[in-house]
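Biologist: I have a new model open and would like to learn how to read it feature by feature. Could you walk me through it?

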Amino acid sequence: MITMIHDFVNLDTILAQENIAVFGAGYASRNLLKYAAKNKFYVRDIYVSDVEENPLFFMGIKVNCLYTTSREELTNTVLVVALTEKNHAGVYEIISSMPFKNVFYLCDDMIKKIAFFNEGSESVMSNVNEKVRECVEGCMFRYHRFIQKPCLEYMIVNILDHCNLRCKGCDHFACIADEKFFSRDSIYKDLERMAELFDGDYIIKISVMGGEPLLHPELLQILQDVRHFFPYTTIRLTTNGVLLLQQKEDFWRICRENKVTIVNTKYPINLNFEEIKRRAYTEGVVFRYFEGTGDDVVKQSFKKIINLEGDSNPVESFSKCHISNYGNILLEGKFYGCPFSVQSYRIFNKKFNQNLRMTEEDYLDIYKVNSKEEFFEFAARPKFYCRYCSGLSEPFEWERSKFQMSEWV
Ligand code: SF4
Ligand code: SF4
C-alpha cells in the first residue's frame with residue numbers, strides 16, 4: 001500500500017526524522033530539497049534507480065543507486081518518493097521489495113504546494129556575476145512583496161503580550177508589555193471564524209506565540225483548538241524555551257498528538273538546550289531551533305528602527321520589509337499585516353507616551369470580511385503604518401532590555 005503525503009504537517013513530521021533520503025532527481029525532488037533546506041531539515045541521500053542517467057550529486061547531495069546500496073543502510077532509511085503520481089506505479093514494485101524503514105510518496109497536489117512555498121525564495125540567477133545577481137534578487141525580493149498569493153504562507157496567533165525574558169529591542173515589544181493574556185474563548189472564536197473563511201485550509205503555517213506562550217495558563221487548550229480548526233496546517237509553538245523543561249507530561253502529549261512543532265529560539269542564556277532537545281525527541285515531539293538546527297546557532301538580534309515622524313514612504317518600506325506579505329498576525333478579532341505595527345501601536349505608544357497612528361487600512365476585521373481572497377489582497381498591500389518603519393535595522397549583541405525608547409529609535 002502506498003502511504004501518501006498530503007499536507008505540510010505530515011511532511012514536516014517525516015522530514016524531522018533521522019536518515020531521510022529522497023527518491024528521484026527531478027523537478028519534484030528539487031523542490032522538496034529546497035523546502036527541506038529552507039526549513040532546516042537534513043536530507044542524507046538521494047536515491048535513483050539508474051545512476052548512469054543521473055548526476056553524482058544533486059543539489060549538493062550524493063546520488064546513490066538503489067540496487068547497489070547495502071541492505072543495512074536501507075533498513076535505517078526513511079524514504080520520501082518525490083515523483084509525480086503517474087510515475088509511482090513504475091517504481092512501487094522495486095521500492096516495496098527493499099527493506100526501507102519506511103516509505104512515503106508525495107501526491108501531485110503536495111508537489112504543487114511545495115513548489116508554491118518555494119516560490120518566494122526562488123533564484124533564477126545562477127550564472128551571472130555577484131553584483132548583477134544581488135541587484136536582480138533584490139528586485140525580485142521587492143517584487144514578491146506585492147504578489148497576491150493563493151494562500152497564506154504564515155499566520156501568527158498572538159496569545160499574550162508579555163514575556164519572561166525581556167530582550168532588548170524585542171520586535172513584538174514583549175519586553176515592555178504589561179501582563180496581558182488573551183482568553184482561550186476569544187482565541188477560539190477567532191480561530192473558528194478564520195477556519196470558516198479559509199475552509200480549515202489555505203494557511204500553510206500557524207505560529208502560536210506572544211510574548212512567551214508557555215506562560216499562558218490555557219496554552220494546551222489553545223493548541224488543541226488550532227489543530228481542531230486547521231487539520232492540514234503546520235502548527236508551531238515559538239518559545240524562548242525557558243520553561244520547556246518544567247513542562248508536565250500533558251504538554252508533551254498534546255504537542256505530540258496535535259503535531260505541534262516546538263520552535264525554540266536559542267538566546268545566549270544559561271539554558272540546557274541539549275537537554276530540551278533530548279526531552280522533545282524522547283517525547284516524540286518535533287523540535288527545532290528558530291534559525292537553524294545546529295547546536296551553535298544563536299539568535300542574532302536586530303534593532304528595528306522606528307521612524308517617529310512617520311514620514312517614510314510606505315510603499316518603499318513595505319517593499320524592503322522582510323515580513324511584509326508574510327508575517328500576518330491574528331489578534332482580538334483583527335488580522336494585521338505584521339506584529340510590529342499592532343504591537344508598537346498598542347504597547348510602544350502606551351509605554352513611551354507616543355502617538356503612532358493606525359487606520360482602518362492596517363487591519364481586516366475578520367467578522368466583516370466575506371472571503372479568504374480579501375486576506376490575500378490585504379497581505380500584499382502596503383499599509384498606512386509602514387510610514388513608521390525606517391527600513392533600517394542594525395544588528396547588536398543580545399542583552400536584556402533596559403526598557404528605554406532608544407532600543408527602537
Ligand atoms: S524572548 Fe522573544 S518575545 Fe520574549 S522578549 Fe525576547 S524577543 Fe521578545
Ligand atoms: S509596518 Fe510595514 S514595513 Fe513595517 S514591519 Fe510592518 S509590514 Fe513591514
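This is a predicted model: local features need pLDDT of at least 70, side-chain atom pairs count only at pLDDT 80 or more; totals for chains, interfaces and linings use all residues.

Biologist: What should I look for in the backbone of Asn325?

Modeller: The general idea is that most residues other than glycine have a negative phi, and most peptide bonds are trans. Asn325 is not a glycine, yet its phi is positive, at about 55 degrees. Tyr202 also has a positive phi, near 65 degrees, and is a residue other than glycine. Tyr202 sits in the loop between helix H7 (184-198) and E9. With 18 other C-beta atoms within 10 Å, Tyr202 is partly exposed.

Biologist: And which peptide bond is cis, with omega near 20 degrees?

Modeller: That is the bond from Gly210 to Gly211. Gly211 belongs to the loop between strand E9 (203-209) and helix H8 (219-229). Gly211 is also one of the residues that surround ligand 1.

Biologist: Which other residues surround ligand 1?

Modeller: Among them are four cysteines you can pick out by number: Cys163, Cys167, Cys170 and Cys175. The shell also includes His172, Arg166, Glu212 and Asn240. Sorted by class, the shell around ligand 1 has six nonpolar, three polar and two charged residues.

Biologist: How many residues surround ligand 2?

Modeller: There are 13 around ligand 2, and the closest are Cys321, Ser324, Cys338, Cys386 and Cys389. Helix H11 (314-320) and helix H12 (339-352) are the elements that give two or more residues to this shell. By class, the shell around ligand 2 has eight nonpolar, four polar and one charged residues.

Biologist: Now to sheets. What is the order of the strands in the open sheet of seven?

Modeller: The order is E1-E7-E6-E2-E3-E5-E4, and the pairing is mixed. Strand E1 (4-5) and strand E4 (57-58) are the edge strands, each pairing on one side only. To see the mixed pairing, compare the two ends. E1 pairs with strand E7 (residues 102-106) in the parallel sense over two bridges, and Met4 has Tyr105 as its bridge partner in E7. E4 and strand E5 (residues 61-65) pair in the antiparallel sense over two bridges, with Phe57 opposite Lys62 in E5. Further in, four bridges join strand E6 (residues 78-81) to E7 in parallel, and Val80 stands opposite Phe104 in E7.

Biologist: Why is strand E11 (residues 260-264) described as largely enclosed by the rest of the structure?

Modeller: Four of its five residues are buried, so the rest of the structure largely encloses strand E11. Strand E10 (residues 234-239) runs parallel to E11 and is joined to it by five bridges. One pair to find on screen is Thr239 and its bridge partner in E11, Asn264.

Biologist: Let me step back. Which domains does the assignment give?

Modeller: It gives domain 1 (4-117) and domain 2 (144-407). Their contact takes eight residues from domain 1 and eleven residues from domain 2. On the domain 1 side, helix H1 (residues 8-15) supplies the largest share, four residues. That side divides into four nonpolar, one polar and three charged residues. The centres of the two domains are 32 Å apart, taken over C-alpha atoms.

Biologist: And how many helices and strands does the whole chain have?

Modeller: The protein chain has 13 helices and 17 strands. Its radius of gyration is 22 Å, close to the 22 Å that the globule rule gives for 409 residues, so the chain is as compact as a globular protein of that length.

Notes: Residues are numbered from 1 along each chain as its sequence is written. Chains are lettered from A and ligands numbered from 1 in the order in which they are written. A residue is near a molecule or strand if its C-beta atom, placed from the backbone, lies within 6 Å of it. Ala, Val, Leu, Ile, Met, Phe, Trp, Tyr, Cys and Pro count as nonpolar, Asp, Glu, Lys and Arg as charged, and the others, Gly among them, as polar. Domain bounds come from an automatic or database domain assignment. Two residues are in contact if their C-beta atoms, placed from the backbone, lie within 7 Å. The radius of gyration is taken over C-alpha atoms; the globule rule is 2.2 Å times the number of residues to the power 0.38. Two strands pair if DSSP finds at least two bridges between them. A residue is buried if 20 or more other C-beta atoms lie within 10 Å of its own, exposed if 12 or fewer, and partly exposed in between; C-beta atoms are placed from the backbone.
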